[in-house]
Amino acid sequence: MGALSCRAARLAAPISFATIFSFATPAFAETSDISAADTAWMIVATALVLMMTIPGLALFYSGMVRKKNVLATMAQSLAAVAIISILWVAFGYSLAFVGDGPWLGTLDRWFLAGMTMDGVNPVAKTIPEALFMLYQMTFAIITVALVAGSVADRMRFSAYLLFSIGWFMFVYVPLAHWVWGGGFLGTVGVLDFAGGLVVHLSAGVGGLVAAKVMGRRLGYGVENLSPFDLSLAVMGTGLLWVGWFGFNGGSALAANSRAVMAIIATHLAACAGALTWGAIEWTTQRKPSVLGMISGAIAGLGTITPASGFVAPWHGIFIGVIAGLVCFWACTWLKRRFNYDDSLDVFGVHGIGGMTGILLAGVFATAAIGGTPGLIEGNPRQLLIQLYGVAVTLVWSGGVTYVLLKLVSAFVPLRVSREHELEGLDISQHGEALQ
């Protein structure tokens, strides 16, 4: 009997260990409709969108600040990638995309619990759920990183980390669920193909509130705060531009014609935005600036984002022209009129651009492409629905951002000291500097 007991124990041990590790190791599903082509395209799209934050946004932002703040600006983008990735796996994905409650999802996929090798999310039935989770993670990362541009040159790094965690939890995750995860905005029919509300308007409004709460940079409007190295910003623009093909084209969640249509509209909008902004400067200032042209390109890209999968490619040109005009106005007249220091024009480009794109999606939406007609095709109600989505996002992102900043300031100062701001954030926050 003793020998039999020992033998049974030896056999049971590996079974017990296998049982334990089965909770942490993905299992194979019996049946799957996963498409190899869709999966391959979405892997590429995921890589492209991650590239938009590092190195794309890091270069774009750091090229537009002063030399003494270049590394600190890059550090904010890098930190967003690291922190938001872990939080997304821990609970963000589950709350945003698992469950179809009107306000929030569930924690059924907490730390990816229950996610199988061949399982799928109902939103994306032809790619593995793990890939869908990873793709959506890259959207959360860049949205949080975008906000930092409004308070560049003056925000304490520790405050930025705390604020980013809170903003991700209480602004991004709910909005992602409301629009894309089965929440109330998606249910009423708001059209936001790739993030006009969830990404651009939310980040723009959050950045504007943060800029107002923190106040203007030392020397703003008096000293020369010109960019350190616009060549970095141009390279960042190129990486963002190419990455946007994954951002908008990937939002089709399949390797299909709709993805191609979205990519073409995206490229044309960027071209039209760059040309429009440059033409305005050429007319008013006699010279088209490089900063103006790259700003116009990003404005076109941000504005076409919510409409890209709902409109015809040629609409991208028209939307890009409108983006160049409206965002130029926001970054010049509007900014001077209200005298706020949005360091890198996150609100003027992304906030105004995202809001404009959401409304234009309601105007130009084509049933043959996205399944929903817009105002031009005889559906004026869609424009009202888009306005509703804009209003909700403005109130939620602005209000929660203000509360979060006040909460963070109770634990750590939001802004570096006067001496550290004059010295530069590279040295004061990170102990490093460009030579």
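These legends go with close-up views of a predicted model.

**View 1. Thr 46 tucked into helix α2.**
Here we zoom in on Thr 46, which sits in helix α2, residues 36-62. With a relative accessibility of 6%, Thr 46 counts as buried. A polar atom of the Thr 46 side chain is 2.7 Å from the backbone oxygen of Met 42. Looking past the neighbours within four places in sequence, you'll find Thr 46 in contact with Leu 131, Leu 134, Tyr 135 and Thr 138.

**View 2. A cis peptide bond at Pro 55.**
Going from Ile 54 to Pro 55, the peptide bond is cis, and its omega is near 15 degrees. Pro 55 is part of helix α2.

Leu 78 belongs to helix α3, which covers residues 70-97. Its relative accessibility is 52%, so Leu 78 counts as exposed.

**View 3. The salt bridge between Arg 109 and Glu 129.**
Side chains of opposite charge can pair when their charged atoms come close. In this pair, the closest N and O atoms of Arg 109 and Glu 129 are 3.1 Å apart. The bridge links distant parts of the chain, 20 residues apart: Arg 109 is in the loop between α3 and α4, while Glu 129 is in helix α4 itself. Glu 129 counts as buried because its relative accessibility is 4%. The count for the model comes to 7 salt bridges.

**View 4. Asp 341 and Arg 217, a buried pair.**
Asp 341 and Arg 217 meet through their side chains in a salt bridge, at 2.9 Å from N to O. Asp 341 is in the loop between α11 and α12 and Arg 217 in the loop between α7 and α8, so the bridge ties together parts 124 residues apart in sequence. Both partners are buried.

**View 5. Glu 421 with Arg 415.**
This salt bridge has its closest N and O atoms 3.1 Å apart. How do the two partners compare for burial? Glu 421 counts as buried, at 3% relative accessibility, whereas Arg 415, at 21%, counts as partly exposed. Elsewhere, salt bridges with shared partners join Arg 66, Asp 153, Arg 154, Arg 217 and Asp 341 into one network.

**View 6. Two residues with positive phi.**
Asp 153, a member of that network, has a positive phi of about 85 degrees even though it isn't a glycine. Asp 153 is found in the loop between α4 and α5, and it counts as buried at 4% relative accessibility. Asn 339 isn't a glycine either, yet its phi is positive, at about 55 degrees. You'll find Asn 339 in the loop between α11 and α12, where it is partly exposed with a relative accessible area of 39%.

**View 7. Trp 88 and the nonpolar cores.**
The largest nonpolar core has 112 residues. Trp 88 is among those with the most contacts inside it, along with Phe 60, Met 155, Phe 168, Tyr 172 and Phe 247. Setting aside neighbours within four places in sequence, the contacts of Trp 88 include Met 133, Met 137, Ala 140, Phe 168 and Tyr 172.

Methods
Residues numbered from 1 in each chain as written. Predicted model: local features only at pLDDT ≥ 70, side-chain atom pairs only at ≥ 80, totals over all residues. Heavy atoms only, no water. Helix = DSSP H or I, 4+ residues; strand = E, 2+ residues; numbered from the N terminus. Buried < 20%, exposed > 50% of the residue type's maximum accessible area, 1.4 Å probe, protein only. Polar contact = N/O pair within 3.5 Å; in protein donor to acceptor, adjacent residues only side chain to side chain. Contact = heavy atoms within 4.5 Å. Salt bridge = Lys/Arg side-chain N within 4 Å of Asp/Glu carboxyl O. Core = buried A, V, L, I, M, F, W, Y, C linked by side-chain atoms within 4.5 Å.
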